[in-house]
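Have a look at the sequence and the structure, then read on.

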Amino acid sequence: MTAGAPDAGHEHAERQPGSGGPWSRGSSSGGPWSGGRPGSGGPGQAEPRPRVRFGVEDLVVAYHGRTAVAGVTLEVAPGEVAGIVGGDGAGKTTVLRALAGAVRPASGTVRRPPARRIGYVSAGPGVYRDLTVDENLAFAGAAYGLRGSALAERAGRLLDRTGLAGARDRLGGQLSGGMRQKLALAMAMLHEPRLLVLDEPTTGVDPVSRAELWRLVAHAAATGAAVVVATSYLDEAERTGSMLVLDQGRPLVAGTPEAVVAGIPGAVLDAPARPDRGTAWRRGARWRVWSPDGSTVPGASPVAPDLEDAVIVAALAARERAARDKEMAA
Amino acid sequence: MTLVRVTEVTHRFGSLTAVDRVSLAVEPGEVVGLLGANGAGKTTLIRCILGLLRPTSGEVRLFGRAPSRETRARLGYVPQGLGLYDDLTVAENLAFSARAFGVAPAGRDRATAPPGPADTDLDRDVAAVAGELVGDLPLGLRRRVAFAAALAHRPDLLVLDEPTSGVDPLGRTHLWDTIRAAAEAGAGALVTTHYMSEAEQCDRLVVLAGGRVAAQGTMAAIMGDASTVRVATPRWEDAFVALEEAGLPVALVGRSLRVPGTDRERVAGALRASGVQAGLDLVPATFEETFVALAAGAAA
C-alpha cells in the first residue's frame with residue numbers, strides 16, 4: 001500500500017435520493033452570509049492543484065425520523081484542515097459520522113475514500129483502558145491489516161512523535177487525558193489515512209498537550225491527509241484553513257476564519273456599559289454591540305471584530321430571522 | 001473585605017509538592033481566572049480554598065476566617081461535572097440544593113435584594129424548563145441550571161470550574177452574563193480553566209505551573225511584549241516539516257505557520273537548511289502561546 005498516494009479510482013461518492021445535483025465546487029454554502037465555503041481556499045494559497053476533495057454536500061441525516069442535521073456542505077482536500085464548530089448538540093458528530101460512512105444520510109452526497117483509508121477518532125476516551133499503549137496500537141494496526149515490521153516501524157515513529165515512546169507498557173486507563181488523546185490520534189493515523197476525522201480531539205486536554213495534538217494534526221495534513229476536526233472552541237477553529245459553524249443541526253456560517261470575520265453584516269461596537277438599544281453581549285467587563293446596518297450607537301465605538309464576535313453575530317442573526325419567519329407564519 | 005486570601009500556601013502529598021507557596025486574593029466584584037496545565041496544582045489549590053483539604057503550610061482565609069461550614073454556606077460552587085442529578089427535574093434539583101444550603105445566609109436577603117437583569121433572564125429561562133429532567137436538557141441549559149442552583153443562596157463567592165466548556169459561543173455569553181451580573185452585585189468569582197476564551201473574560205489571571213504562581217495580573221500584562229515568528233509561504237507543508245524536524249514548536253494557523261518562543265534567525269536557519277522559501281515576520285504572541293511557554297518553562 002502506497003501511503004498517501006492518490007487512488008482516485010476507489011472514491012466513494014454516494015448520492016441519496018433527494019440530493020441536489022452533482023457535486024460541484026461552485027455551489028453556495030447555505031450560510032447566512034456568503035463568506036466563502038469550507039475548502040474554498042484563502043489568501044496566500046498557492047495556485048490550485050488538481051486534487052480529490054472529500055466532504056458532504058446538502059447533507060441531511062435523520063435519526064428515527066427526526067432530522068439531526070440538514071443542508072450541510074463541507075469540503076476538504078488533501079493537505080487541508082477543515083473545522084466543524086459548534087456547541088454540544090449542534091450536530092458535529094452526526095456530520096463526522098456521515099462523512100466517515102458510519103451513518104447513512106437521508107439525502108445528500110458524501111464523498112470519502114474507502115473505509116480502510118479513513119482514520120476516525122470518536123469523542124470520548126477512544127483507547128482501550130485495559131490494554132497497554134503498545135497493545136492499543138497493535139489492535140488498531142490489526143484492524144487495518146498492519147502487522148510485523150510495517151506495524152513496528154509505523155508505530156515506532158508515531159510513538160516518538162507523540163512523546164509516548166516512554167509509556168509503551170502503560171495501560172490506556174493510566175494515561176493522562178492529553179496522552180490518551182495522543183494515543184487515540186496515533187491509532188487513527190497508524191495506517192496513513194487519506195481522510196482523518198477527529199471528533200473533539202482536545203476536549204479535557206490542557207493547552208500544552210493541545211498544542212502537541214494540533215501539531216500532530218498539522219503534520220498529518222502536511223504529509224497529505226485531508227483532516228476534518230470538530231471543536232467547540234473558536235481559538236481552535238482559528239487554526240483551520242476553513243470552517244463550518246453548526247447551530248442546532250443547521251449551517252450558520254462557513255468559510256476561512258478570515259472570511260467569516262470579514263463577512264459580518266453591519267458593524268461590531270465596543271461599549272463600557274449595556275447600551276439602550278442594539279443587540280449587546282458581554283465581553284469581559286465590557287460590552288459588544290452589533291449594529292446590523294453599520295450605524296453608530298450612542299456610547300459605543302467600532303472595534304475590529306474577531307471570530308468569536310462573528311459567530312455570535314451569526315447566531316443572533318439566525319435567531320432574529322427565525323423569529324421573523326415565525327411571525328410571518330402566524 | 002477580601003473574599004479569598006491565600007497566603008504562602010503549600011500542599012504536599014507525600015513527597016509530591018502539588019501547591020508550592022502560592023498566594024492570591026479575590027476581591028468583591030472581581031472575576032479572577034486560575035489557569036494551569038494538568039498537574040499544575042489548580043485542583044489541589046481549589047480544594048484548599050473550599051476547605052476540603054488542609055494546607056501543609058500557609059493560610060487560607062475565606063471572608064476573613066478559616067474555611068468552615070459557615071464559610072461554605074456563603075460559597076457557590078459549580079464543578080465541571082455540574083453536580084446535578086440527571087434523573088431529577090430542574091425544580092427538584094433546585095429544591096434539593098436549596099435545602100442543602102438551608103436559609104439564606106445573614107446579610108444577603110434574597111427577597112429584598114434587587115435582582116439584576118441577568119438574574120431575571122436566568123430565573124426565567126430556568127423556570128421555563130422547571131418540569132423537565134436535567135438529563136434531557138442540552139448542555140448549555142444544564143450549565144445554566146447549575147448556575148441557578150449555585151446562585152440561589154446569593155453566595156458572596158462563586159467558584160467555577162470551566163464554566164462554559166462545550167457550550168456554543170452565544171450560549172457562553174449567557175453564562176458570562178450571569179457571572180458578570182453576580183460580580184456587579186458584589187460577589188467575587190474564581191474561575192478555573194485552561195481555555196483561552198474563558199481566560200479572556202476574567203479581570204485578572206493567576207497562572208499556575210508546577211505548583212507555583214508563574215504569572216499574575218491582567219492578560220495584557222502577562223502577555224507583555226512576547227512575540228512569535230510568523231511564516232508565510234505558498235508551500236506551508238514543506239516549511240512545517242522543516243521546522244518540525246528542526247525541533248521548533250511550529251503551529252499551523254490557517255495556511256500560515258507560527259513559531260512561538262524562538263527568534264527569527266533560528267526559524268530562518270531551519271528553513272534555509274531545507275531550501276524552503278518563506279517570508280518571516282515578528283508578530284505579537286497570543287495568550288495561549290504565552291501560557292504554553294510559561295507552563296513549559298516550569299516543566300523544564
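In chain B, three strands make up an open, antiparallel sheet ordered S2-S1-S4. Strands here are DSSP runs of E with at least two residues, helices are runs of H or I with at least four, and both are numbered from the N terminus; two strands count as paired if DSSP finds at least two bridges between them. This is a predicted model, in which local features need pLDDT of at least 70 and side-chain atom pairs count only at pLDDT 80 or more, while totals for chains, interfaces and linings use all residues. Residues are numbered from 1 along each chain as its sequence is written, with chains lettered from A and ligands numbered from 1 in the order in which they are written.

- Strands S2 (16–26) and S4 (57–62) of chain B are the edge strands, each pairing on one side only.
- Five bridges link strand S1 (residues 4–13) of chain B to S4(B) in the antiparallel sense, and Val4(B) faces Leu62(B) across this pair.

**The four-stranded sheet**
- Another open, antiparallel sheet of chain B has the order S11-S12-S10-S13.
- Strands S11 (251–253) and S13 (279–284) of chain B each have a single partner strand, so one side of each lacks a neighbour in the sheet.
- Strands S10 (residues 227–232) and S12 (residues 256–260) of chain B run antiparallel and share four bridges; Val229(B) stands opposite Val259(B).

**Helices on that sheet**
- Helix H9 (residues 236–245) of chain B packs on the sheet and touches S10, S11 and S12 of chain B; contact means C-beta atoms, placed from the backbone, within 7 Å.
- Helix H10 (residues 264–273) of chain B lies across S10, S12 and S13 of chain B.

Technical notes
Two residues are in contact if their C-beta atoms, placed from the backbone, lie within 7 Å. Axes are lines fitted to C-alpha atoms, for helices over the stretch in contact, and angles run from 0 to 180 degrees between N-to-C directions.
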